[in-house]
Amino acid sequence: MHVLLIEPDKLQADVYVQALQRNGHTVAHAVSAQGAVHLADEQTPDVVVLELQLPGHNGVEFLYEFRSYHEWLEVPVMVHSFVPPYELARAVTLTKELGVVCTLYKPETSLQNLCAVVAAAKPAAS
Amino acid sequence: MQQFGDRAQLNSQERLFLSLSEQLSRPLLQVAQLAELAADDPETAAERWRLVQIIAQSSLHLVESYALSLRVSGKITPLEMEPVTVSSLLYDTAGALEPFAKQYGVSLELDPALRMQPIMADRMVLQSAMVSLGQVFVLAQSQSDEPSPVHLNAHRGRYGVVAGLYGGSALLGKDNLRRAYALQGRARQPLQRLVSGPAAGVFVADSLLHTLAARLHVARYRSLTGLATTLQPSQQLQLI
């Protein structure tokens with residue numbers, strides 16, 4: 001699968017990229033919402049792994065823009081963030097509206113878990 | 001269950017501590033995941049442990065700076081005022097930041113003005129503040145789509161020697177900083193225009209500078225914006 005990883009911390013991103021590549025995925029990495037849109041434009045991802053806390057436009061703003069394009073409406077998005085679940089719970093409607101398939105709390109998600117969840121994602125039919 | 005709005009009830013010291021805790025969960029997660037990767041791939045383990053060392057050192061610096069601000073403000077540790085040459089202070093700051101910046105692919109540019117008057121300050125406090133601030137600027141530049149170097153600069157200003165760190169243009173304004181102080185510990189990204197995450201280093205630096213009767217402020221240097229502090233040159237030391 002082709003994964004679009006949106007992760008502002010480059011060291012953290014390196015770790016995720018290596019783990020995902022080892023599991024047979026290709027990964028495009030963006031540090032910001034704007035960069036992520038450019039990368040998605042170059043190659044439509046099969047799945048997006050998104051940190052909500054981004055510099056400049058945040059992850060929710062990214063989601064609104066991402067979902068505004070017809071061709072990306074069905075791409076599964078996984079929130080993988082430092083925002084804990086009890087804070088995200090307030091945004092359940094929002095995440096449903098924006099097609100977030102799951103939310104993972106970074107401090108409680110091992111690389112193995114992340115890779116397993118990504119592997120289980122069902123890519124949008126092209 | 002705790003609600004989001006409860007953060008508003010915390011006092012300033014608790015908010016700083018919360019901000020620091022949230023900041024430190026990031027490098028700790030990096031260490032845990034690097035260990036997970038190293039266990040799976042012993043061939044690259046040496047490189048990963050070197051990275052763990054740098055991450056641990058930068059995190060340790062932030063914790064120590066926070067503790068120092070508490071010790072000094074609580075008068076557990078007295079300030080040790082001495083003549084400090086700002087250019088040498090920035091030079092040492094750049095040296096302390098170098099391994100961290102290198103890992104993030106960010107270059108440091110040191111351009112202090114020559115023949116700057118010395119100031120009276122506690123060198124350790126001032127340098128801890130600058131390094132804490134520098135870590136935030138390195139992260140901010142690494143998170144930019146067009147990274148630029150972090151400049152460490154000192155120059156003469158209207159009210160004294162202005163020493164600080166500068167990044168790309170338009171990263172910060174006075175309003176952003178004022179809002180960030182209000183949001184510190186209350187929002188997860190008080191300096192969203194600059195950097196993702198809690199930016200605890202900015203608030204720790206400000207807390208340290210506060211013990212020296214100084215504050216962080218938004219400053220401009222050439223076309224760059226940054227955060228700096230204004231320090232009073234010692235009139236007596238100029239006569240020596």
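# Close-up views of chains A and B

**View 1. In the largest nonpolar core, which has 84 residues, Val202(B) and Leu227(B) touch the most other members.** Helix H4 (residues 123-142) of chain B gives this core its largest share, eleven residues. A second, separate core holds 23 residues, among them Leu4(A), Ala30(A), Ala36(A) and Phe66(A). A nonpolar core is a set of buried Ala, Val, Leu, Ile, Met, Phe, Trp, Tyr and Cys residues joined through side-chain atoms within 4.5 Å. Buried means under 20% relative accessible area, exposed means over 50%, and partly exposed lies in between (1.4 Å probe, protein chains only). Helices (H or I, at least four residues) and strands (E, at least two) are DSSP runs, numbered from the N terminus.

The model is predicted: local features need pLDDT of at least 70, side-chain atom pairs count only at pLDDT 80 or more, and totals for chains, interfaces and linings use all residues. Residues are numbered from 1 along each chain as its sequence is written, chains are lettered from A and ligands numbered from 1 in the order in which they are written, and side-chain values use heavy atoms, without hydrogens and water.

**View 2. Leu227(B) meets residues from several parts of chain B's sequence.** Its contacts (heavy atoms within 4.5 Å) include Leu133(B), Phe137(B), Leu172(B) and Val202(B). Leu216(B), His217(B) and Val218(B) are also among them. Residues up to four places away in sequence are not counted.

**View 3. Five strands of chain B make an open sheet in the order S2-S4-S5-S7-S6, with mixed pairing.** S2 (108-110) and S6 of chain B are the edge strands, each pairing on one side only. From one strand to the next, the twist averages 35°. Two strands pair if DSSP finds at least two bridges between them. S2(B) runs parallel to S4 (residues 150-157) of chain B, with three bridges. There, Leu110(B) has Leu152(B) in S4(B) as its bridge partner. Helix H3 (residues 86-103) of chain B packs on the sheet and touches S2, S4 and S5 (160-166) of chain B. The direction of this helix makes about 170° with that of S2(B). Axes are lines fitted to C-alpha atoms, for helices over the stretch in contact, and angles run from 0 to 180 degrees between N-to-C directions.

**View 4. S6 (residues 216-221) and S7 (residues 224-231) of chain B run antiparallel, joined by six bridges.** Arg220(B) has Thr225(B) in S7(B) as its bridge partner. Two residues lie between the strands of this hairpin, where Arg222(B) takes a positive phi near 50°. Helix H5 (residues 174-183) of chain B lies across S6 and S7 of chain B, at about 160° to S6(B).

**View 5. Four residues of chain A, Phe62(A), Phe66(A), Tyr69(A) and Trp72(A), form one aromatic cluster.** Rings of Phe, Tyr and Trp (its six-membered ring) pair if their centres lie within 6.5 Å; planes under 30 degrees apart count as stacked, over 60 as edge-to-face and the rest as tilted. Over all chains, the count is seven aromatic pairs. Phe62(A) and Phe66(A) have ring centres 5.2 Å apart and planes at 25°, so they are stacked. Phe66(A) and Trp72(A) are stacked too, at 5.0 Å centre to centre and 15° between the planes. Phe66(A) and Trp72(A) are both buried.

**View 6. Arg26(B) places its charged end over the ring of Phe82(A), 4.3 Å from the centre.** A charge sits over a ring if NZ of Lys or CZ of Arg is within 6 Å of the ring centre and within 35 degrees of the ring normal. Within chain B, Arg215(B) lies over the face of Tyr181(B), 5.3 Å from the ring centre.
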